[in-house]
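Colleague: Hi! Could you walk me through this model? I'd like to start with the charged pairs.

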Amino acid sequence: MAAFFIEVAMPHSYKGYRNSIRWERFVVCIFGSILYAVGVNMFLVPFGLYTGGLVGFSQMIRTILVDYLHLNVSGIDLAGLVYYLINIPIFIYAFPRMEKLFFVKTFLCVTVMTVALALIPARTVIEDTLASAVVGALISGSGIGMILRMSGSAGGLDVIGMLMSKKNRNLSVGKVNLIVNLVVYGLLLFMFDVQTVIYSILFAAVYSFVMDKVHVQNINVEVKVITKVDVRELEKQIFTEMGRGITELHSVGAYTGDQEHMLYILISKYEVHQLRQFVRSYDPNAFIIVNEGVWVEGNYLKKL
């Protein structure tokens, strides 16, 4: 099969792409936010352990307010409220620089997470500290992974990392989280005993692993679709519902001599199933080739 020439790239009229609103994604974001709070409040807080990132920083401020300044509100964990206050200036700065649907999901997740962290009681479910830290990490990591998979975020460092990675290609959300976590756990060494820091780091490690396993969409994938049908409607659906560019190549079958279309698309791993559904709805016999883990440089939309 031989390619003749490149014909089509993503038209400028579609660069203002916005994800179609799918209400089930909002439901999953809400559930993930509550799940994260359950993992923190019921498995981490009872043992005096701390998460990483801005939530961990908020927990440290909560400890200072409650233990040293004796500022306590009965039945409410102040860490959630502190986290919300920290996110307000981040939201103000990020709003004009973020895709609006992503901003709405993030704002919803932070709000739900704040309420859940404030209201879910810190009760000991597992007596063993190590087991509780691991189970809490599994639950919280799964919750955040769900949020990211639904194209939302939990605010804080996710937003900061995304904005910084756009300005500096050498930075990423993961690197920003790592830097802040080093600061948080460094401060914990001065405030608490080594055992508390070790269990907290263990929580963060398992949490990050689980989150990455649930959230797979930053794995770049190249897809080649070979079909004999008219691809104009298919291209339009990919433009509008996925916001991805397409390179179309006119090709011919070396054996049959039939004229064919080849679509070359770069997407995230999470989007493969959606693209496959689109293609099959137009041509059940289309030939689809997927190559995972490709390296991409240039004008490529990297999604959280």
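Modeller: Happy to. Lys228 and Asp258 form a salt bridge, with their closest N and O atoms 2.9 Å apart. The term stands for a side-chain nitrogen of Lys or Arg within 4 Å of a carboxyl oxygen of Asp or Glu. This pair links distant parts of the chain: Lys228 is in the loop between β2 and α9, and Asp258 is in the loop between β3 and β4, 30 residues apart.

Colleague: Before we go on, what kind of model is this, and how are residues numbered?

Modeller: It is a predicted model, so local features need pLDDT of at least 70 and side-chain atom pairs count only at pLDDT 80 or more, while totals for chains, interfaces and linings use all residues. Residues are numbered from 1 along each chain as its sequence is written, and side-chain values use heavy atoms, with hydrogens and water left out.

Colleague: Thanks. Is Asp258 buried, exposed or partly exposed?

Modeller: Asp258 is partly exposed, at a relative accessible area of 30%. Buried means under 20% relative accessible area, exposed means over 50%, and partly exposed is in between (1.4 Å probe, protein chains only).

Colleague: How many salt bridges does the structure hold?

Modeller: It holds three. Glu222 pairs with Lys224, the closest N and O atoms being 3.7 Å apart. Glu222 counts as buried at 13% relative accessibility, whereas Lys224 is partly exposed at 25%. Arg232 also forms a salt bridge with Asp230, and there the closest N and O atoms are 2.6 Å apart. Arg232 counts as exposed at 59%, and Asp230 as partly exposed at 44%.

Colleague: OK, new topic. Which strands pair with β4?

Modeller: Strand β2 (residues 220-227) pairs with β4 in the antiparallel sense over eight bridges. Strand β3 (residues 247-252) also pairs with β4 in the antiparallel sense, over six bridges. Two strands pair if DSSP finds at least two bridges between them. Helices (H or I, at least four residues) and strands (E, at least two) are DSSP runs, numbered from the N terminus.

Colleague: How many of the β4 residues are buried?

Modeller: Seven of the ten residues in β4 (259-268) are buried, which leaves the strand mostly covered.

Colleague: And what do the buried residues of α9 pack against?

Modeller: They pack against β3, β4 and α10. The buried residues of α9 (232-242) are Leu234, Glu235, Gln237, Ile238, Phe239 and Met242. Just after that helix, Gly243 takes a positive phi of about 65°.

Colleague: What does Ile144 touch?

Modeller: Leaving aside neighbours within four places in sequence, Ile144 is in contact (heavy atoms within 4.5 Å) with Gly32, Tyr36, Met113, Ala154, Tyr207 and Met211.

Colleague: Where is Ala286 found?

Modeller: Ala286 is in the loop between α10 (272-282) and β5 (287-292). Its relative accessible area is 6%, so Ala286 is buried. Not counting residues up to four places away in sequence, Ala286 touches Val225, Ile226, Thr227, Val279 and Arg280. From Ala286 to Val229 the C-alpha distance is 8.7 Å, although they are 57 residues apart in sequence.

Colleague: Last one: how many helices and strands are in the chain?

Modeller: The chain has ten helices and five strands. Of its 304 residues, 46% are buried.
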